[in-house]
Amino acid sequence: MKVWGAEPPLDDCSAWDEQGEVDFETTTGEVALWTLTLGRAKDVITLAEAGGRWRVRVSCSGRAEVERITRTEGVAHGVERYLVEFWPQET
(Lines give C-alpha, C1' and ligand atoms only; values in the text may rest on other atoms or scores of the structure.)
Protein backbone atom coordinates (compact mmCIF):
# COMPACT_ATOMS: atom_id res chain seq x y z
CA MET A 1 0.00 0.00 0.00
CA LYS A 2 1.29 3.44 -0.94
CA VAL A 3 -0.14 6.93 -0.46
CA TRP A 4 1.08 9.50 -2.98
CA GLY A 5 0.73 13.29 -3.14
CA ALA A 6 -0.11 13.16 -6.86
CA GLU A 7 -0.88 10.52 -9.47
CA PRO A 8 1.96 7.98 -9.42
CA PRO A 9 3.51 6.52 -12.54
CA LEU A 10 2.08 3.20 -13.67
CA ASP A 11 4.01 0.30 -12.21
CA ASP A 12 5.43 -2.14 -14.78
CA CYS A 13 2.20 -3.54 -16.25
CA SER A 14 3.91 -6.81 -17.22
CA ALA A 15 4.34 -7.59 -13.50
CA TRP A 16 0.57 -7.53 -12.92
CA ASP A 17 -2.27 -9.72 -14.20
CA GLU A 18 -4.84 -6.99 -13.69
CA GLN A 19 -4.93 -3.30 -12.81
CA GLY A 20 -7.91 -1.06 -12.13
CA GLU A 21 -8.60 2.47 -10.89
CA VAL A 22 -11.60 4.14 -9.30
CA ASP A 23 -12.51 7.47 -7.66
CA PHE A 24 -13.86 7.58 -4.13
CA GLU A 25 -14.55 10.05 -1.36
CA THR A 26 -13.65 9.81 2.30
CA THR A 27 -15.36 12.03 4.87
CA THR A 28 -12.66 11.47 7.50
CA GLY A 29 -9.44 11.21 5.51
CA GLU A 30 -9.17 7.53 6.45
CA VAL A 31 -9.97 4.32 4.63
CA ALA A 32 -10.05 0.62 5.55
CA LEU A 33 -9.40 -2.22 3.12
CA TRP A 34 -11.61 -5.32 2.89
CA THR A 35 -11.02 -8.68 1.27
CA LEU A 36 -13.63 -11.22 0.24
CA THR A 37 -12.05 -13.97 2.33
CA LEU A 38 -10.59 -12.16 5.33
CA GLY A 39 -13.01 -9.26 5.75
CA ARG A 40 -11.87 -5.87 7.02
CA ALA A 41 -8.16 -5.29 7.63
CA LYS A 42 -7.32 -4.32 11.20
CA ASP A 43 -5.35 -1.22 10.24
CA VAL A 44 -6.98 1.99 9.07
CA ILE A 45 -5.06 3.91 6.41
CA THR A 46 -4.77 7.65 6.98
CA LEU A 47 -4.79 9.47 3.65
CA ALA A 48 -5.18 13.02 5.00
CA GLU A 49 -6.20 14.92 8.12
CA ALA A 50 -9.63 15.65 6.63
CA GLY A 51 -11.97 14.17 4.06
CA GLY A 52 -11.66 14.59 0.33
CA ARG A 53 -11.82 12.97 -3.08
CA TRP A 54 -9.22 10.34 -3.91
CA ARG A 55 -8.24 7.95 -6.65
CA VAL A 56 -7.10 4.39 -5.98
CA ARG A 57 -5.28 1.97 -8.28
CA VAL A 58 -5.17 -1.72 -7.41
CA SER A 59 -2.74 -4.04 -9.17
CA CYS A 60 -2.77 -7.79 -8.62
CA SER A 61 -0.97 -10.91 -9.76
CA GLY A 62 -1.14 -14.61 -8.98
CA ARG A 63 -4.90 -15.06 -9.31
CA ALA A 64 -4.64 -17.76 -12.00
CA GLU A 65 -2.11 -19.65 -9.87
CA VAL A 66 -4.45 -19.46 -6.87
CA GLU A 67 -7.24 -20.91 -8.99
CA ARG A 68 -4.98 -23.75 -10.16
CA ILE A 69 -3.76 -24.57 -6.65
CA THR A 70 -7.26 -24.40 -5.21
CA ARG A 71 -8.56 -26.88 -7.78
CA THR A 72 -5.68 -29.35 -7.40
CA GLU A 73 -4.35 -28.99 -3.85
CA GLY A 74 -6.77 -26.98 -1.70
CA VAL A 75 -6.43 -23.53 -0.19
CA ALA A 76 -3.57 -21.42 -1.58
CA HIS A 77 -1.74 -19.10 0.84
CA GLY A 78 0.66 -16.31 -0.04
CA VAL A 79 0.35 -16.67 -3.80
CA GLU A 80 -1.59 -13.54 -4.75
CA ARG A 81 0.21 -10.21 -4.66
CA TYR A 82 -1.43 -6.78 -4.51
CA LEU A 83 -0.32 -3.16 -4.76
CA VAL A 84 -2.85 -0.53 -3.64
CA GLU A 85 -1.98 3.09 -4.43
CA PHE A 86 -3.91 6.18 -3.29
CA TRP A 87 -3.54 9.79 -4.42
CA PRO A 88 -5.67 12.95 -4.15
CA GLN A 89 -8.07 13.41 -7.05
CA GLU A 90 -7.50 16.56 -9.05
CA THR A 91 -10.43 18.94 -8.97
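The largest nonpolar core has seven residues, namely V31, I45, L47, W54, V56, V84 and F86. By nonpolar core I mean a set of buried Ala, Val, Leu, Ile, Met, Phe, Trp, Tyr and Cys residues joined through side-chain atoms within 4.5 Å. Buried is under 20% relative accessible area, exposed is over 50%, and partly exposed is in between, with a 1.4 Å probe and protein chains only. Two or more core residues come from each of strand 5 (52-61) and strand 6 (81-88). Helices (H or I, at least four residues) and strands (E, at least two) are DSSP runs, numbered from the N terminus.

Before going further: this is a predicted model, where local features need pLDDT of at least 70 and side-chain atom pairs count only at pLDDT 80 or more, while totals for chains, interfaces and linings use all residues. Residues are numbered from 1 along each chain as its sequence is written, and side-chain values use heavy atoms, with hydrogens and water left out.

Strand 1 and strand 6 run parallel and are joined by two bridges. V3 stands opposite F86 in strand 6.

Is F86 buried or exposed? F86 counts as buried because its relative accessibility is 2%. Leaving aside neighbours within four places in sequence, its contacts (heavy atoms within 4.5 Å) include V3, W4, F24 and W54.

Next, aromatic pairs. Rings of Phe, Tyr and Trp (its six-membered ring) pair if their centres lie within 6.5 Å; planes under 30 degrees apart are stacked, over 60 edge-to-face, and the rest tilted. The count is one aromatic pair. F24 and F86 form it, edge-to-face, at 6.0 Å centre to centre and 75° between the planes. F24 is in strand 2 (residues 18-26) and F86 in strand 6, 62 residues apart.

Last, the arginines. R57 lies in strand 5 and is buried, with a relative accessible area of 1%. The side chains of R57 and E21 are joined by a polar contact of 2.8 Å. That term means N or O atoms within 3.5 Å; within protein, one must be able to donate a hydrogen and the other to accept it, and residues adjacent in sequence count only if both atoms are side-chain atoms.

Notes: Pairing = 2+ DSSP bridges.
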